[in-house]
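My notes follow, in the order I looked things up.

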Amino acid sequence: MRRFQGQYNPDGQSKRREARERVGNKCIRCQSPSVPGRILTTHHFDGNKANDSWWNLLPLCQVCHLQVQGKVDPEQPFFLEHSQWLKPYVAGFYAKKANPPLHITPLVKEKAGPRLIYRIGMGVRPADQNWKRQLNRLIEENKPAINKILLDFGVPLLNENDQPISLETATKTP
Ligand SMILES: [Zn+2]
């Protein structure tokens, strides 16, 4: 059994609640809602209770929590394919812990070939103009939060002059 480390963060409780809400308040392994005997909990994947990164908070029911905690240690090599539900979290773990560290560089000065930086957009069907306006409004209103999620995933963000924007600027409400 792994040893657990770290202290819960003061805002850890809300981070864990958000992680459970993101997945619809269900166990990501067995899909059970929170019911007696399978109360929904949050497992700190790397064993560090102070690490509230999105990839470290696994919403699991009590039963799955005990099994996963006992069997899966992301620090240990795993020779089988990970289950589908666990893959995004494992990817997040490796992206953050890669050795040598992964560094993502935006290619802004490439002269040849297609442009390698682009805006992220959403497509709607031509008839869905109201839906398009609603999406655009939601994107605009939630820009700081969306930028924070993208930066958390290691997506480099650029301003109009192709200069990287920091977490501080990207998450400031205009
Ligand atoms: Zn479960």
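I started with the largest nonpolar core, which has eleven residues: C27, I28, L40, F45, W55, L57, L58, L60, C61, C64 and Y89. For my own reference, a nonpolar core is a set of buried Ala, Val, Leu, Ile, Met, Phe, Trp, Tyr and Cys residues joined through C-beta atoms within 7 Å. Strand β2 (residues 57-61) gives the largest share of this core, with four residues. "Buried" here needs 20 or more other C-beta atoms within 10 Å of the residue's own; 12 or fewer is exposed, in between is partly exposed, and the C-beta atoms are placed from the backbone.

Before going on, a note on what I'm looking at: this is a predicted model, where local features need pLDDT of at least 70 and side-chain atom pairs count only at pLDDT 80 or more, while totals for chains, interfaces and linings use all residues. Numbering runs from 1 along each chain as its sequence is written.

**Around C61**

I then asked what C61 touches, not counting residues up to four places away in sequence. The list is C27, C30, S32, R38, I39 and L40. A contact means that two C-beta atoms, placed from the backbone, lie within 7 Å.

**Whole chain**

I found six helices and two strands, and along the sequence they read α-β-β-α-α-α-α-α. These are DSSP runs numbered from the N terminus: helices are H or I with at least four residues, strands are E with at least two. The C-alpha trace spans about 50 × 45 × 35 Å along its principal axes. Of the 174 residues, 13% are buried. Among contacts with a separation of 6 or more, 53% are between residues 24 or more positions apart.

The chain splits into domain 1 (12-97) and domain 2 (106-174), with bounds from an automatic or database domain assignment. I get 28 Å between the two domain centres, taken over C-alpha atoms.

Which residue sits in the loop between α1 (12-22) and β1 (40-44)? I had Q31 there, and Q31 has a positive phi of about 70° although it is not a glycine. Q31 is exposed, with 12 other C-beta atoms within 10 Å.

D162 also went in the notebook: its phi is positive, about 60°, and it is not a glycine either. I placed D162 in the loop between α5 (143-152) and α6 (167-170). Buried or exposed, then, for D162? D162 counts as exposed, with 10 C-beta neighbours inside 10 Å.
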